[in-house]
Amino acid sequence: MKFCILMGSPRKNGNTIELLKPFIEELTINNIQYDLIWLQDKQIEPCTACRNCQKDWTIFGCQYSDDMQKIFDKVLASDVIVLATPIYSWYCTPPMKSMLDRLVYGMNKFYGEKKGPSLWSNKKIP
Ligand SMILES: Cc1cc2nc3c(=O)[nH]c(=O)nc-3n(C[C@H](O)[C@H](O)[C@H](O)COP(=O)(O)O)c2cc1C
């Protein structure tokens, strides 16, 4: 069992990481592997709806060579994905939004000429 925690807060000592700390402690106590990815520290370009990711159903397939490929790989290798974000103007933070747009399209090959698979089916997003 592996967890991937995608952290949307820019603040290293903010409220979101405080809320996450007991959760991470439980993972550690239970010997559960996890990655904690601070999205603000990553280069994540916004999606441009080019649909390049819909051409090959076996790979991420995004046109950009930024940090999203590594995040995609980590998510794909995880069983549980945790989205941890403060609310900014009634939604998640900008890096979380950019990441989600890219991930939802890259993972779900539903948006091309034919409907393809979901690469993250059976993963849990509590
Ligand atoms: C630009 C900005 C927009 C925000 N918008 C909302 C909002 O719409 N609703 C809300 O309840 N809190 C809002 N907040 C408050 C944050 O969600 C809250 O302070 C949060 O705990 C910050 O998390 P952090 O300490 O991990 O940065 C906003 C904060 C900022 C900086």
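This note covers the ligand site and the sheet with its helices.

1. Basis. The model is predicted, so that local features need pLDDT of at least 70 and side-chain atom pairs count only at pLDDT 80 or more, while totals for chains, interfaces and linings use all residues. Residues are numbered from 1 along each chain as its sequence is written, and side-chain values use heavy atoms, with hydrogens and water left out.

2. Polar contacts (N or O pairs within 3.5 Å). A side-chain N or O atom of Arg-11 is 2.7 Å from a ligand oxygen. For Thr-16, a polar side-chain atom lies 2.6 Å from an oxygen of the ligand. Ile-87 uses a backbone N or O atom, 2.6 Å from a ligand oxygen. On its own the ligand has 650 Å² of accessible area, and the protein covers 55% of that (Shrake-Rupley method, 1.4 Å probe).

3. Sheet. Three strands form an open sheet in the order E2-E1-E3, with parallel pairing (at least two DSSP bridges; strands are DSSP E runs of at least two residues, helices H or I runs of at least four). E2 (33–38) and E3 (80–84) are the edge strands. Strand E1 (residues 2–7) pairs with E2 over six bridges, and Leu-6 stands opposite Ile-37 in E2.

4. Helices. Helix H2 (residues 68–76) packs on the sheet and touches E1, E2 and E3 (heavy atoms within 4.5 Å). Helix H3 (residues 94–107) touches E1 and E3.

Definitions and conventions: Polar contact = N/O pair within 3.5 Å; in protein donor to acceptor, adjacent residues only side chain to side chain. Axes fitted to C-alpha atoms, helices over the stretch in contact; angles between N-to-C directions.
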